[in-house]
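Subject: Structure handover and notes

Hello,

I am passing this structure on to you, with notes on what was found in it. Please look it over first and then read on.

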Amino acid sequence: MTPRFGLLGGPNAVEGILGLLERTDRPDEIAAVHDALVPLPLKQTGSAVVRALSSVTPGAQVMLLQFCSGYGTLVPSSAILPLARSESAPVRLAAMKALENVAEPGDMSQLIQLLLAARDDAESNAMRRAITGTAVRHPVPESRADVILAALDSAGAANKPALLLTLGRIGGAKSLAALSR
């Protein structure tokens, strides 16, 4: 049976639970914190988790990024975007994956920068999914591809394939026109 620490101590317990993550990279301890957080409402955990992202160990950051991803756009993308530039490859990739659910249409320029700076195929794939997932949330469907099209116009030859591949995932008349040039 998983202990429900957060229920025992209320909102202050969440801070205490997350404090453990500042000094451990042990998978069993990280999993225990995860299990304690999951049953709690985002209203009780959200802001504390976002604040903790910058002070916990890399292994804990990965878990918290996965946790945040599950809440989608209820989590501020401004907390996730800097971690997508982390020196830690696992943290960077977890942040990129979280952006698929967390990023807002206003983040598209930054997402494109991250795609073009991707260090390997896993990061490129995660960023293409993040851009596609974010584009779908754009309130004006005809404008979903605009930021990518603008980047494509100014991109060098080395970056065009990644942008074209991403356009193909977004779809729409503007994307099709650019792909058929």
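Helices (H or I, at least four residues) and strands (E, at least two) are DSSP runs, numbered from the N terminus. On that basis the protein chain reads α-α-α-α-α-α-α-α-α-α-α-α along the sequence, which comes to 12 helices and 0 strands.

Two remarks on the source. This is a predicted model, in which local features need pLDDT of at least 70 and side-chain atom pairs count only at pLDDT 80 or more, while totals for chains, interfaces and linings use all residues. Residues are numbered from 1 along each chain as its sequence is written, and side-chain values use heavy atoms, with hydrogens and water left out.

Overall picture

Taken along the principal axes, the C-alpha atoms of the protein chain fill a box of roughly 60 × 30 × 25 Å. Of its 181 residues, 45% count as buried; buried means under 20% relative accessible area, exposed over 50%, and partly exposed in between (1.4 Å probe, protein chains only). Contact means heavy atoms within 4.5 Å. Among contacts between residues at least 6 apart in sequence, 65% join residues at least 24 apart.

The core

In soluble globular proteins, nonpolar side chains tend to be buried together. A nonpolar core is here a set of buried Ala, Val, Leu, Ile, Met, Phe, Trp, Tyr and Cys residues joined through side-chain atoms within 4.5 Å. The largest such core has 56 residues, and L18, L21, L64, I80 and L99 touch the most other members. Helix α7 (residues 89–102) gives the most to this core, with 8 residues. Leaving aside neighbours within four places in sequence, L64 is in contact with L18, L21, L37, V49, A52, L53 and V56.

Axes are lines fitted to C-alpha atoms, for helices over the stretch in contact, and angles run from 0 to 180 degrees between N-to-C directions. Angles under 35 degrees count as roughly parallel, over 145 as roughly antiparallel, 65 to 115 as roughly perpendicular and the rest as oblique. A crossing is left-handed if the near helix is turned anticlockwise from the far one by less than a right angle, and right-handed if clockwise. For residue classes, Ala, Val, Leu, Ile, Met, Phe, Trp, Tyr, Cys and Pro count as nonpolar, Asp, Glu, Lys and Arg as charged, and the others, Gly among them, as polar.

With helix α9 (residues 121–136), the axes come within 9 Å and cross at roughly 165 degrees, which makes α8 roughly antiparallel to α9. The crossing is left-handed. From α8, the contact is made by M108, L111, I112, L114 and L115; from α9, by S124, M127, R128, A130, I131, T134 and A135. By class, this contact of α8 with α9 has 9 nonpolar, 2 polar and 1 charged residues.

With helix α10 (residues 146–154), the axes of α8 and α10 come within 9 Å and cross at roughly 50 degrees, so the two are oblique to each other. The crossing of α8 and α10 is right-handed. M108, S109 and I112 of α8 meet V147, I148 and A151 of α10. That contact has 5 nonpolar, 1 polar and no charged residues.

The classes in the contact of α8 with α11 are 5 nonpolar, 1 polar and no charged residues.

In the comments below, contacts leave out residues up to four places away in sequence.

- S124 lies in helix α9 and counts as buried, at 15% relative accessibility. S124 touches L115 and A118.
- L116 is found in helix α8 and is partly exposed, with a relative accessible area of 32%. L116 is in contact with N159 and L163. The C-alpha atoms of L116 and M127, 11 residues apart along the chain, are separated by 9.0 Å.
- E87 lies in the loop between α6 (77–80) and α7 and counts as exposed, at 66% relative accessibility. E87 is in contact with R92 and R119.

Regards
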